[in-house]
Each structure stands twice: as C-alpha cells, then as structure tokens.
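Please go through the helix packing in this model.

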Amino acid sequence: MGINHARISGPEEAVIGRREECVVARSPIDEILASRFACREFSNAPVPRRTIEEILRVARFAPSGANIQPWHIYVLAGAAKEKVSTALLDAHENSRDEHVSEYKYYASDLPDPYGKRRQEFGRLFYGSLGITQTDSEARSRQTAKNYTFFGAPVGLIVTIDRRLEVGSWLDLGMFVQNVMLAAAGRGLQSCPQETFSKYHRILRRLLSIPVEQMVVCGISVGKAKIDAQERLMPRADIDEFATFLGFEV
C-alpha cells in the first residue's frame, strides 16, 4: 500500500482504453478515480471533523458479504495524532526489530509479473527521491515519514475483527477505497499505509484497541501540497489483466 499514484493532468477528454486512439469523455467518477494518488506530502490546511464524518458516512455504503460491515476506524487529529506519531517514530528509531505485523502483506517469493512490478516500484519511487538502493539510512528516513502521516492533519487507523475470514478483508478493501475516493471528491488526497500494522502493539495501547481487532493499515488524509504532478507509477494495460468472452463487437 502507499504506492505513489501521481495525478494525471490533461484535458477533459483523456485516453481511457486499450489504445491511445480510444478517446472518450470522462464521467465525474472517472475523474475522481484517475486523479486520486497516494500523497506523501500534505499541506497543514486543517480538515474539519465534519468533513471526515461526511467521508465515512458515504464510505460505509461499500458492499460487504451478508452486510456484516467488517471495519472499524480510529480517527486521529491534533494532540492525539501527535502522541501516536511520537511513539511510532521512537519505535522506528530505537526498536523496529522488536515489532512485526500480525499479517503478511506480500508473498515471500513474488512470482512474475508481481515481483518485477515491486522492483520497478522501488526503482521509480526511491529514484524520484534521489535515494539509491544501497542507502539504507535515507530509506529509513523516508519510511519514518509514514508515522507523521506525511504531515496530513488527519490520520486514520483501520482495523478488522481477527475472527473473520479472508472474504471480509475483500469487503474492508472496498471500504478503504471508498474512503479515499470520497476524500478525493472533496478536494482532498490520501495515502494508504500498511506499515502502521507493524506497530500494532503500540497502537493498541494508545488507542485502546480491543484484542479481537487487528490493525490492518493507516490512511493519511488532507490537502496535498501539490495538486497536480506527473504520474510516476505505470499501470498495466487491460490486455494484461482482462479476458473478454462472448462479446460480438
């Protein structure tokens, strides 16, 4: 999570489709989907509680199997957010090897094309920051920015009931996407951050998270410092992931 999907700039009519000659007018939801990106540099413009409530109120309409709605959100701002950031930064600096997530995000041996895509992400992302592959100190400093929510005024900690099965994680993913899209629709950006799951023991203590809840991720929410930038991460063409059957045209 947290891949740097930079905003697409361009005219109202944009290339959406298998080939560049397939040009169609975007609908409003297309524009929101395409303009959302994982923001890693937020302005200090405040986001009112009522705005976050609006975002969560619409995000709750995400589908879920049997309508069980398997998500819980801890919304942090002000002193509460700073307290969490201080504790996580200290752990990252002094005891990171003592902490591990309760779930595995990546397969141990990623097959292609996923392994190649992950390698390309590292090359593009750290390369854009001028950080070399061997510069572990610079990489650590960049990772630390996660725990300040990249300067965002609001941070969300997302949990799921550990007693549920993998299908409920699918539901949770759709809810998280709804949160980010609802934020984008209000002129805000966000960044989903799996790395918060590593420090679940600290978060559990600070936020009084019950034992049955597993920390899944964090989400930074706020106004991006830069509204538009070039897209950094490529997307696979639909020919690479879609199989069409039964169409006459």
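In a right-handed or a left-handed crossing, how does α2 pass α6? The crossing of α2 and α6 is right-handed. Keep in mind that the model is predicted.

## Helix α2 against α6

Two packed helices are described by the angle between their axes and the distance between the axes. Here the axes of α2 and α6 come within 8 Å. They cross at roughly 135°. An angle over 145 degrees would count as roughly antiparallel. The pair α2 and α6 is therefore oblique.

From α2, the contact uses I55, L56, V58 and A59. From α6, it uses F175, N178, V179, A182 and A183. By class, the contact of α2 with α6 has 8 nonpolar residues, 1 polar residue and no charged ones.

## Helix α6 and its cover

Helix α6 runs over residues 166-184, which is 19 residues. From first C-alpha to last, α6 reaches 28 Å. That is close to the 27 Å expected at 1.5 Å a residue.

Which residues of α6 are buried? They are S168, D171, L172, F175, V176, V179, M180, L181, A182, A183 and A184. An α-helix has 3.6 residues a turn, so residues three or four places apart point the same way. Among the buried residues of α6 are L172, F175 and V179.

Both helices and strands cover these buried residues. The helices include α1 (28-35) and α2 (49-59). The strands include β3 (72-77), β4 (154-161), β5 (189-193) and β6 (213-222).

## Helix α3 against α7

Helix α3 spans residues 78-94, and helix α7 spans residues 200-207. Their axes come within 10 Å and cross at roughly 155°. That angle makes α3 roughly antiparallel to α7. The crossing of α3 and α7 is right-handed.

On the α3 side, K83, V84, A87, L88 and A91 make the contact. On the α7 side, the residues are I202, L203, L206 and L207. The contact of α3 with α7 counts 8 nonpolar residues, no polar ones and 1 charged residue.

## Loop residue S43

Where is S43 found? S43 sits in the loop between α1 and α2. Is S43 buried or exposed? S43 has a relative accessible area of 16%. Buried means under 20%, so S43 counts as buried.

What does S43 touch, leaving aside residues up to four places away in sequence? Its contacts are G151, P153, K223, A224 and K225. S43 and G151 lie 108 residues apart along the chain. Their C-alpha atoms are separated by 6.9 Å.

Key: Residues numbered from 1 in each chain as written. Predicted model: local features only at pLDDT ≥ 70, side-chain atom pairs only at ≥ 80, totals over all residues. Heavy atoms only, no water. Helix = DSSP H or I, 4+ residues; strand = E, 2+ residues; numbered from the N terminus. Expected span 1.5 Å × (residues − 1). Buried < 20%, exposed > 50% of the residue type's maximum accessible area, 1.4 Å probe, protein only. Contact = heavy atoms within 4.5 Å. Axes fitted to C-alpha atoms, helices over the stretch in contact; angles between N-to-C directions. Parallel < 35°, antiparallel > 145°, perpendicular 65-115°, else oblique. Left-handed = near helix turned anticlockwise from the far one by under 90°. Nonpolar A, V, L, I, M, F, W, Y, C, P; charged D, E, K, R; others polar.
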